[in-house]
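Take a slow look at the fold below.

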Amino acid sequence: MEKFPLKGNPSIPLHSPTYHTVTKKNQPTGGIRTSSVTSDDDMIDINTSTTEERPSTHHDDGNGHSAVTFNGMHAVGETDDIPGIGQYDDFHTIDWQRDIARDRMRHRYIIKKKQDSLWDLIKGAHDAWSGWVCVLLVGLFTGGVAGVIDIGASWMADLKYGICPQAFWLNQEQCCWSSNETSFDSANCSQWFTWPEVFGQSREGAGPYIISYLFYIMWGLLFAALSASLVRMFAPYACGSGIPEIKTILSGFIIRGYLGKWTLIIKSVGLILSVSAGLSLGKEGPMVHIACCIGNILSYLFPKYGRNEAKKREILSAAAAAGVSVAFGAPIGGVLFSLEEVSYYFPLKTLWRSFFCALIAAFILRSINPFGNEHSVLFYVEYNKPWIFFELVPFVGLGIIGGVIATLFIKANLYWCRYRKFSKLGQYPVTEVLVVTVITAIIAYPNPYTRMNTSQLIYLLFSQCGIQNSDNLCDYDRNFTDVKSAIEIAEAGTGVFQAMWLLMLALILKLVMTIFTFGMKVPCGLFIPSLCLGAIMGRIVGIGVEQLAYHYPKIWLFSGECSTGENCITPGLYAMVGAAAVLGGVTRMTVSLVVIMFELTGGVRYIVPLMAAAMASKWVGDALGRQGIYDAHIALNGYPFLDSKDEFAHTSLAADVMQPKRNENLSVITQDSMTVDDVEALLKETEHNGYPVVVSQESQYLVGFVLRRDLNLAIANARRMVDGICGQSLVLFTSGNPVQTLGPPPLKLKKILDMAPITITDQTPMETVVDMFRKLGLRQTLVTHNGRLLGVITKKDVLRHVKQMDNEDPNSVLFN
């Protein structure tokens, strides 16, 4: 028998409906079944297999617990007397079907009680709107935390260059606003002191340059060391972007502590520090993790969500939407991101709640106004010139290049992460962070485009050359006579070509440094570096097309649009399209990506170019490598994630996959012939996570399924609470009173038996089985032949089988 074929089975949660056993084999389903009633089992089972709903009976079960049963399930109060039943163990899968059924039971019970008293009516109303209140709170807190992170990161990033002596808590932009200078220009702002000036030097010259260089490296090292040490000491789960793990958790996996309060605090502080350290990473991906931590913590205020893992996933989906909403100022993009990229189970109700949550979070962030301007988006663009039809060709070209760059990045990053995981390097996480930080700082400082903050660089690349721009990128042979006059097309000066060389160097450096940075033990996101790579590539292509239009304005390609002398090509638009292409290639997003991009920039009229580039980039990416970066990291870490987008194209049967194989022994429990000692011996000898209950060892007809955890808890609880229970006591999974014997009293465990386990026959095609696991969220299914039990298929068996069929290592799947 394989070790752990049933790992990953959580038990029936607190206040849970439990399933009831029928002992008579020939009993028909449907109708009302009554079993012999004792003081413990004062119940009438109601089987609602017919279309109309029968009235439920409401009884006292002899222990003062009132309970309602539907379809053999107890709603409330039935397993309260066994503490701990229904909690999940770490690294286990949840049972969606049972959790959702449990919630329905609880809901029916509350509706039924509404008529009893005013207090029950209030409780019913509270239950109805608790979901909206929960997502409202998640939105409020996510917006607040995001505002703090944005403000902290912008202040600390500027600390590498200098300080505001009058008010050290202001960043460079705010410091220069406080003076009387009207426009913000870092070069001639008297209030802001660079580090050489603090030590009495001038701004320019060799000496001051060396001082600035050293301070840049020192601050970066300090921030990175702090970030890595905090993660290592307090919250190891706070590293990375968190999106692969969030995807896995939302697919129904338990990772204890991944969404806890320490992870939230350290991830938020560590994110500010690692972004400020000048590393090639972004803060947008980790915002999703932070928002999900907030969602998880707040869901415990509402037992409906806190105690039910399947319901909690609805809050986490809404929180993920709020995370993207505050990261980019893109509420609709956030909802679509949650739907397309991270969520596994996304009913319509969750869509509305995600929309509401993203709206509240964006509203709070807007009122905090961390960017200090009238826009709540990162890279607002001012231009709105229409694009020429011919330009779709370079846009699709950018999509193709973006897909190639993204595939290069994914393959190289995976290779490095695999090396880190299986070599000595993985034992020195803080050292690795410090080495990468020093190398990044040393190479980045001499090039002005890599020295500046990545977000500022993207903004610069997106923006149009106007009268205020003093950057080399805008060194055209133009003479502006008037601020209002149209920008005419002009020849690029020497500054533009110099800037293009520096940008090409920046592209290579950013690509290489991001490969080594993503996956280090600091909080690090991937959105901003990907956007930056694409924006550099797009701007270079854009300048090329612009110069083509200047030198050959009459050719048919430009259809006469460029012969008027006005600027008909916008290089900033190419940067925007290129950014979308690389990000789309890395993450394989399409719909949500386009919406995020136009919400991010405010460029609504450029939806078609963005769509063309995103589609081309996805196709190229899919052709060169199947997985996006998040799916690749899920596979690398071995998380048990059954992707609902994948096709299962093999022709195997359930009998090929089930455990045990045909000639091996199957561990089962009989319904009324095993003693407590027998059951405990079985639990010691085997490590399965649950056991089928059969009528007898000879007949092997299936009665139900019981979880290992529940058995352990119930036996321990009975030894403690019930007089006379000892090793010789019979364990009964039947209702009815047994024949009275002289021996010790029996132990009745019918309450913890799942009477409706999902079963299939041994001839079921694996295609169907995999679909059942994906769409029903199963943990295991029992395999029968002519009604007799043959074996069990668990989620782990399915994942291993899929890996085997794809010629990969089946042992890479991580379970407890």
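**Sheets, helices and a pocket**

Strand β10 (residues 690-694) pairs with β11 in the antiparallel sense, over five bridges. Strands here are DSSP runs of E with at least two residues, helices are runs of H or I with at least four, and both are numbered from the N terminus. Two strands pair if DSSP finds at least two bridges between them. Val694 has Leu702 of β11 as its bridge partner.

This is a predicted model, where local features need pLDDT of at least 70, side-chain atom pairs count only at pLDDT 80 or more, and totals for chains, interfaces and linings use all residues. Residues are numbered from 1 along each chain as its sequence is written, and side-chain values use heavy atoms, with hydrogens and water left out.

Now widen the view. The open sheet runs β8-β10-β11, three strands with mixed pairing. β8 (669-670) and β11 (702-707) are at the edges with a single partner strand each, so one side of each has no neighbour in the sheet. Helix α25 (residues 708-721) packs on this sheet and touches β8, β10 and β11. Contact means heavy atoms within 4.5 Å. The direction of α25 makes about 75° with that of β11.

Another open sheet has three strands in the order β14-β15-β16, again with mixed pairing. Here β14 (759-761) and β16 (788-794) stand at the edges. From one strand to the next, the twist averages 35°. β15 (residues 780-785) and β16 pair in the antiparallel sense over six bridges. Helix α26 (residues 766-776) packs on this sheet, touching β14, β15 and β16.

Next, the helix pair. The axes of α6 (residues 243-250) and α22 (residues 629-637) come within 8 Å and cross at roughly 75°. Axes are lines fitted to C-alpha atoms, for helices over the stretch in contact, and angles run from 0 to 180 degrees between N-to-C directions. That makes α6 roughly perpendicular to α22, a label for angles of 65 to 115 degrees. Residues in the contact include Ile243 and Pro244 of α6, and Tyr630 and Ile634 of α22.

Where does the largest share of the lining of the second largest pocket come from? It comes from α13, with seven residues. A pocket is an open set of points on a 1 Å grid over the protein atoms alone, where a 1.4 Å probe fits, with protein on both sides within 12 Å along at least five of seven lines; lining residues have an atom within 4 Å of a point. This pocket is lined by 44 residues, with Asp631 among those nearest its centre.

How values were computed:
Parallel < 35°, antiparallel > 145°, perpendicular 65-115°, else oblique.
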